[in-house]
Amino acid sequence: MKGKIIEIAKTLSLEETALSIIEFNEQNLSDYRKSHILQVSYFSYHLAVRENQENDDLHKKSFLAAMLHDCTKERKPQFHYDLFKKHGVEEKYSGFPVPVLHSKSAGLFAQDQFSIRDPEIDEAISCHTTGKIDMSDLAQILYAADYLGSLEFEAAQSSFNENDLSSLCLEKVKKSMTHLVKANHTIHPDTFEYYNSLAGKS
Ligand SMILES: [Fe+2]
Ligand SMILES: [Fe+2]
């Protein structure tokens, strides 16, 4: 998968950036997380191309958002709180459940570590865990790609082939809510609202 990702990065003229993110991820994340990120990046790029073949900007941002989306996922809660404080957003994110914190800190970390600062990429990363109503195309692509990146590659490829973007997003939000209920965890209001906005439409 790493070879495929470097090929995509070359196509997008993002080889240098991709290599520095891959190197960082290789040194800082578990094997599971590293392969998840590569698979999410693969599908995020291909979803973007399928959504709009002409939009190079969407292709690049979908790829970069995916490469970065879980870069803080394995950090302790205090790491996220320190980053929020440094960027002056500690109040905005106080009280968020621990599993959601990485989606709020990854964009900030990308600014500090890779000098990647893009409001659309930030927004997409920020809602990749909870979902949100009226997500941008980019945010929906990352949300769906994150789901495809959680499956075995062949199952993910079949799901990609058989479902459009909104079906994949609905599938992810359903699975995510089911998982949270089974684990006796709370469900973020953004997730409920997002589910309600999609349910019954397909
Ligand atoms: Fe995540
Ligand atoms: Fe992820």
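## Helices and the overall pattern

Helices and strands are runs assigned by DSSP, a helix having at least four residues, and they are numbered from the N terminus. In these terms, the protein chain of this predicted model reads α-α-α-α-α-α-α-α-α-α-α along the sequence. The secondary structure therefore amounts to 11 helices and zero strands.

## Size and packing of the chain

The protein chain has 202 residues, for which a compact globule would have a radius of gyration near 17 Å; the value for this chain is 16 Å, which agrees. Along the principal axes, the C-alpha atoms fill a box of roughly 40 × 40 × 30 Å.

Of the 202 residues, 38% are buried. Among contacts with a separation of 6 or more, 64% are between residues 24 or more positions apart.

Helix α1 spans residues 2-11, and its buried residues are Ile5, Ile8 and Ala9. These residues lie on the same side of α1, because they cover an arc of only 100° around the axis. On the other side of α1, Gly3, Glu7 and Lys10 are exposed.

What covers the buried residues of α1? The cover includes α2 (15-28), α3 (31-51) and α4 (56-68). After α1 comes Ser13, whose phi is positive, near 55°.

## The pair α3 and α4

The axes of α3 and α4 come within 8 Å and cross at roughly 160°. Angles over 145 degrees count as roughly antiparallel, and α3 and α4 are therefore roughly antiparallel to each other. The crossing in which α3 passes α4 is right-handed.

Which residues meet where α3 and α4 are in contact? From α3 come Ile37, Val40, Ser41, Ser44, Tyr45, Leu47, Ala48 and Val49; from α4 come Leu58, His59, Ser62, Phe63, Ala65, Ala66 and Met67.

## The pair α8 and α10

A second pair is formed by helix α8 (residues 137-148) and helix α10 (residues 165-182), whose axes come within 9 Å and cross at roughly 60°. This angle makes α8 oblique to α10. The crossing in which α8 passes α10 is left-handed. In α8, the residues that take part are Gln140, Ile141, Tyr143, Ala144, Tyr147 and Leu148; they meet Leu165, Leu168, Cys169, Glu171 and Lys172 in α10.

Is Cys169 buried or exposed? A residue is buried if 20 or more other C-beta atoms lie within 10 Å of its own; Cys169 has 24 and is therefore buried. Leaving aside neighbours within four places in sequence, Cys169 is in contact with Gln140, Tyr143, Ala144 and Leu198. Gln140 and Cys169 are 29 residues apart along the chain, and their C-alpha atoms are separated by 6.9 Å. Gln140, Tyr143 and Ala144 are among the residues of α8 that meet α10, whereas Leu198 falls in α11 (189-198).

## Phe79 in helix α5

Phe79 lies in helix α5, which covers residues 77-86. With 15 C-beta neighbours inside 10 Å, Phe79 counts as partly exposed. How far is the C-alpha atom of Phe79 from that of Ala65? The two C-alpha atoms are separated by 20 Å, and the residues are 14 residues apart along the chain. Ala65 is one of the residues of α4 that meet α3.

## Two loop residues with positive phi

Ser115 is a residue other than glycine with a positive phi, near 55°. Where is Ser115 placed? Ser115 is in the loop between α6 (98-114) and α7 (119-126). A residue with 12 or fewer C-beta neighbours within 10 Å is exposed; Ser115 has 8 inside that distance and therefore counts as exposed.

Asn184, also a residue other than glycine, has a positive phi near 65°. Asn184 is in the loop between α10 and α11. With 6 other C-beta atoms within 10 Å, Asn184 is exposed.

How values were computed. Residues numbered from 1 in each chain as written. Chains lettered and ligands numbered in written order. Predicted model: local features only at pLDDT ≥ 70, side-chain atom pairs only at ≥ 80, totals over all residues. Rg over C-alpha atoms; globule rule 2.2 N^0.38 Å. Contact = placed C-beta atoms within 7 Å. Arc of directions from axis to C-beta. Axes fitted to C-alpha atoms, helices over the stretch in contact; angles between N-to-C directions. Parallel < 35°, antiparallel > 145°, perpendicular 65-115°, else oblique. Left-handed = near helix turned anticlockwise from the far one by under 90°.
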